[in-house]
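Please keep the sequence and the model in view while reading.

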Amino acid sequence: MGVRRDRRDPLIRLAKQHEARNLADLVERAYTVYVERIGRRPAPMDDNYEARIRDGEVFVAEESGDAVGLIVLAHRSSHLLIENVAVDPVRQRAGIGRALLQYAERHARDLGLAEVRLYTNAAMTENLELYPHLGYTESDRRLDHGFQRVFFCKHLSASETSRPHCRSREDEKL
């Protein structure tokens, strides 16, 4: 069963194994615009979605029975890592990406985690503007697996009045 916060929001649910090819195609469409800007295929375009789905890490945003977006979530000991957010280009700017990020934050809380982390390519300037608007704090910039990446985190504790400093790069992969 999926989650829908509002009738206008997409249904968000765990991906099913038979969807792997369609979800990989969605990612291909979503990231194609960045190939020239980055100078190579972004990492999500070459991810193994069959394995990610088998591991329970892929969640799908669905509207009228169609997958319109996805998010890849990796549970770490101290945080939830968002490894990919992709929205079908024909549905971008409709709040689907934001709904997926909100889902990740709720999922982290459900797991008892107080922090969500993500990274983006430095050439994806739209994301560099978006994530701070959604409460994410930049925590690092560095070359990572051959990509110039910018790392962000968001502390989820509702009791905190000020945002604590996110952990350093040494802690990124935990």
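Helix H3 has 15 residues and reaches 21 Å from its first C-alpha to its last, close to the 21 Å expected at 1.5 Å a residue; the expected span is 1.5 Å times one less than the number of residues. Helices (H or I, at least four residues) and strands (E, at least two) are DSSP runs, numbered from the N terminus. The model is predicted: local features need pLDDT of at least 70, side-chain atom pairs count only at pLDDT 80 or more, and totals for chains, interfaces and linings use all residues. Residues are numbered from 1 along each chain as its sequence is written, and side-chain values use heavy atoms, with hydrogens and water left out.

- The buried residues of H3 include Ile-96, Leu-100, Tyr-103, Glu-105 and Arg-106.
- After H3 comes Gly-112, which has a positive phi near 80°.

**The sheet**
- An open sheet of mixed pairing is formed by 7 strands in the order S1-S2-S3-S4-S5-S7-S6, where two strands pair if DSSP finds at least two bridges between them.
- Strand S1 (11-14) and strand S6 (137-144) are the edge strands, each pairing on one side only.
- Strand S2 (residues 58-63) pairs with strand S3 (residues 66-75) in the antiparallel sense over 6 bridges.
- Within S3, Ile-71 is the bridge partner of Phe-59.

Notes: Buried means under 20% relative accessible area, exposed over 50%, partly exposed in between (1.4 Å probe, protein chains only).
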